[in-house]
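I opened this structure to look up its cores, a sheet and some salt bridges. My entries are below.

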Amino acid sequence: MKKMFLFAAFAGIALASCTTDEEIFAPVNQGNEIEFVAADYVHQTRASEDPQEHDLTKTFSNADFSVWAWPTGTDAEHISALQVNADGTYTGTYYWPDEDLDFAAVSPANDPRIDVDRANGATTITYTFDATYGNNQTNLMHADFVDAQNKSTSTQVALGFRHALAKLNVVVNQNHVAKNDDRAKNVDNERDIEDYQVIVKKLSIEKFDCYGTYTVTSNDQNTADNVWTGTSKDADWTIINTPTSLVKDTIDFDDNTFKATYMETGFVMPQALGDDVVVKIDYDIVTKFKSGATSTTNRVKSVNLNEIKDGSGDKITHWYTNKVITYTFTINPQYDLTPITFSATEEEWGTQGGTHTF
C-alpha cells in the first residue's frame with residue numbers, strides 16, 4: 001500500500017533570551033510524522049575556542065524555505081524542494097521511512113540563484129550571481145546539512161540557517177561641537193556663526209564585486225570566514241542620491257550628541273576588498289551667521305574601505321558570509337577642526353566595534 005507522508009513546518013520560533021539549544025529543538029512525540037523547526041545561527045566571536053561553535057538565539061528571519069530529503073547514501077529524493085510558507089502552509093504529507101534520511105534546506109524558497117544538488121550520496125548547495133540573476137538585496141540562507149536522521153533519533157529535524165551574504169549597515173551622522181570644546185565654540189563666536197547644516201548630496205560605495213559563486217559541500221566549510229569566488233564585474237551602491245539634510249535648523253552648541261542619522265541596509269556578496277573599493281561622500285556645509293546671512297561650502301571626500309579599522313585596530317579587508325558590518329560616517333561641519341570621521345563595527349552576528357578617522 002502506498003505510504004502517505006505528512007510534513008509540518010514551523011518557519012518562525014519565538015525564542016526567549018534564556019532558551020537553550022536543547023529547548024529550541026526539543027522533540028515532540030507525534031508518532032512517525034516528520035516535523036521541522038528553524039532558527040538563525042548566531043556566530044560566536046573569533047575568541048571562541050571552537051570556530052564551528054554557534055549559538056541559536058535568533059528566530060528564523062526569512063519568509064519561507066525549501067526542504068530536500070534523501071535516504072542516507074543515496075540520491076533518490078524523498079522530499080524535493082518542498083516549500084514552507086511564512087504562515088505554515090505546505091503541500092504534501094510525509095512520514096519517516098524505515099531508513100535514515102539526510103536533509104538540506106535553503107531560503108527563500110525557489111530562489112533561482114540557489115541550486116541544491118545531490119550526487120553519490122553527498123549534498124552540494126551552490127549560489128550564483130551573474131548577469132541574469134544578480135544581487136537584488138535578497139537575504140539568501142541555507143541550513144546546515146542534517147544527516148542520518150530517523151524516527152528514533154527525533155521526530156523533529158532541527159534546521160540552523162546561516163546567511164550566505166554579508167549585511168552592510170551604512171549610517172551617516174552630523175556632529176557638532178563637543179560639550180566642553182571651548183576652542184571650537186570660541187572659533188564660532190569669533191566668526192559670528194549661529195549654526196550649521198550638513199546636506200549630503202551623494203554617498204556611494206563603489207567598485208565592489210557583484211558577480212560570483214559560493215559553494216557549500218559540508219558544514220565544516222560553512223564558517224564566517226568564507227568569501228565568494230568573484231569575477232571582475234564592478235558594482236556601485238548609491239546610498240544617497242538626492243540632497244539629504246542631516247540636521248534640524250537650530251543647533252545647540254552645548255549638545256554633543258548627533259543631531260540626526262541617515263541609515264541604509266543592504267546585502268552584498270562576500271569578498272576581499274581591493275584598493276579600488278571606496279566610499280565617496282559629496283556634501284555641502286551651510287553656515288548660518290548671526291546676521292542672517294548664509295554661505296555654502298562643498299566638500300567631496302573618499303576613503304578606501306579596506307583602510308577602515310575595527311575595534312581591535314585591524315583593518316576590515318573582507319566582507320565575510322554570515323556577518324554584519326556597520327559603517328558609520330560622521331561629518332563635523334567645523335571641517336577645519338574635525339572634517340569627517342569614519343567608523344566601522346563588524347559583527348559575526350555578535351559584536352565588534354571600532355573607529356577610523358579620515
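These entries go from the cores to the sheet and then to the salt bridges.

I am working from a predicted model, where local features need pLDDT of at least 70, side-chain atom pairs count only at pLDDT 80 or more, and totals for chains, interfaces and linings use all residues. Residues are numbered from 1 along each chain as its sequence is written, and side-chain values use heavy atoms, without hydrogens and water.

**Cores.** I looked up nonpolar cores (buried Ala, Val, Leu, Ile, Met, Phe, Trp, Tyr and Cys residues joined through side-chain atoms within 4.5 Å). Buried means under 20% relative accessible area, with a 1.4 Å probe and protein chains only. The largest core has 33 residues; V200 and W319 are among those with the most contacts inside it. I noted that β13 gives the most to this core, seven residues. Strands here are DSSP E runs of at least two residues, numbered from the N terminus. A second, separate core has 21 residues, including F103 and M141.

**Sheet.** I traced an open sheet of four strands, ordered β7-β8-β14-β15 and paired antiparallel. Strands pair if DSSP finds at least two bridges between them. Five bridges join β8 to β14. F129 stands opposite G212 in β14.

**Salt bridges.** I counted five, taking a side-chain nitrogen of Lys or Arg within 4 Å of a carboxyl oxygen of Asp or Glu. R118 meets D102 at 2.8 Å, N to O. R118 is in β7 and D102 in β6, 16 residues apart. D102 is buried at 3%, and R118 counts as buried at 10%. D144 bridges to R162 at 2.7 Å between the closest N and O atoms. Both D144 and R162 are buried.

Note on methods
Buried means under 20% relative accessible area, exposed over 50%, partly exposed in between (1.4 Å probe, protein chains only).
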